[in-house]
Amino acid sequence: MKIKVTPTDQEMLLATCNGLPPVEEWDRTETIKQGQHFIAVHQHFQDLKKALAAYFSGEANPIGKDDVKRKRLIEGEVAYYLGVYDLFWFGWSEIEAEVSQNYPRSWFPSSPGEALTTILELDCEAMLSAARGNQVNVRESKTLLSGSLPDPAMFHGLENKRALRTIEYADSVRSRNESGSFLNFCQLAIQKRLRGNPTLRSKLKAFKCLQSKRFDRFRKLAHRIKGA
């Protein structure tokens, strides 16, 4: 069944994909490998934008006609993100109820479409951070995660380059955790309020299936990429 996305949310999602990764992330690349990784992530979100645009207009997927693996990857991503939107749309009042009990309303996105753009942005940061992990002191970064991060302005010169990378890495790990925590918060909010709502229960079950498939898909992809 085709998932309906409002015209406003369609424009928001396409614009978000088109702007990922943010151009300022290119300025943070320091090696050829990091540059190649940035370009690959950029291409991934461009493919996602084109595939979503085709889906919204009722056209066939234009991505990867001569590359079956790329085509299947993007189709899986479209199904996953639309599944997130579908779950948020049906469970939005339940999510808002949980937010009102725990956080200021201004902290949280104002619509299912805006919430999905948050997921996209956090996922992009997680993909980019994969290229930085082997250039930092991971043990130090774990210590940093337990408290507040120091101000990068405190570190100067080449001798502190490793420290700066460590702080950036710890910050990127937090971003990855934020992506999972944000989505998990929404799922738990819905799960707490499923009683008497079989439609929402079926939506949550369908999404968990999509989530499991996505994990397997990227795990297999990682095994084919050296250093992933």
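This is a predicted model: local features need pLDDT of at least 70, side-chain atom pairs count only at pLDDT 80 or more; totals for chains, interfaces and linings use all residues.
Residues are numbered from 1 along each chain as its sequence is written, and side-chain values use heavy atoms, with hydrogens and water left out.

Q: How many helices and strands does the protein chain have?
A: Helices (H or I, at least four residues) and strands (E, at least two) are DSSP runs, numbered from the N terminus. From that terminus on, the elements run α-α-α-α-α-α-α-α-α. The count for the protein chain is nine helices and zero strands.

Q: What percentage of the residues in the protein chain is buried?
A: Buried means under 20% relative accessible area, exposed over 50%, and partly exposed in between, with a 1.4 Å probe and protein chains only. The protein chain has 228 residues, and the buried share of them is 40%.

Q: Are α1 and α6 roughly parallel or roughly antiparallel to each other?
A: Angles under 35 degrees count as roughly parallel, over 145 as roughly antiparallel, 65 to 115 as roughly perpendicular and the rest as oblique. Axes are lines fitted to C-alpha atoms, for helices over the stretch in contact, and angles run from 0 to 180 degrees between N-to-C directions. Helix α1 (residues 7–18) and helix α6 (residues 112–129) pack at about 15°, with their axes 9 Å apart. The two helices are therefore roughly parallel.

Q: Which residues in α6 meet α1?
A: Contact means heavy atoms within 4.5 Å. On the α1 side, the residues are D9, M12, L13, T16 and C17. Their partners in α6 are G113, E114, L116, T117, L120 and E121.

Q: Is α6 largely enclosed by the rest of the structure, or largely open?
A: The end C-alpha atoms of α6 are 26 Å apart, which agrees with the 26 Å that its 18 residues should span at 1.5 Å a residue; the expected span is 1.5 Å times one less than the number of residues. Of these 18 residues, 15 are buried, so α6 is largely enclosed.

Q: Are α1 and α3 roughly parallel or roughly antiparallel to each other?
A: Helix α3 (residues 32–57) packs with α1 at an angle of about 160°, and their axes are 8 Å apart. The pair is therefore roughly antiparallel.

Q: Which residues of α3 make the contact with α1?
A: The α1 side consists of Q10, L13, L14, C17 and N18. From α3 come F45, Q46, L48, K49, L52, A53 and F56.

Q: Are α4 and α5 roughly parallel or roughly perpendicular to each other?
A: The axes of helix α4 (residues 68–90) and helix α5 (residues 92–102) come within 4 Å and cross at roughly 70°. Their contact is made by F88, W89 and F90 of α4 and W92, E94 and I95 of α5. The two helices are therefore roughly perpendicular.

Q: What separates the C-alpha atoms of K205 and L87?
A: K205 lies in helix α9 (residues 198–223) and is exposed, with a relative accessible area of 65%. K205 and L87 are 118 residues apart along the chain, and their C-alpha atoms are separated by 9.7 Å.
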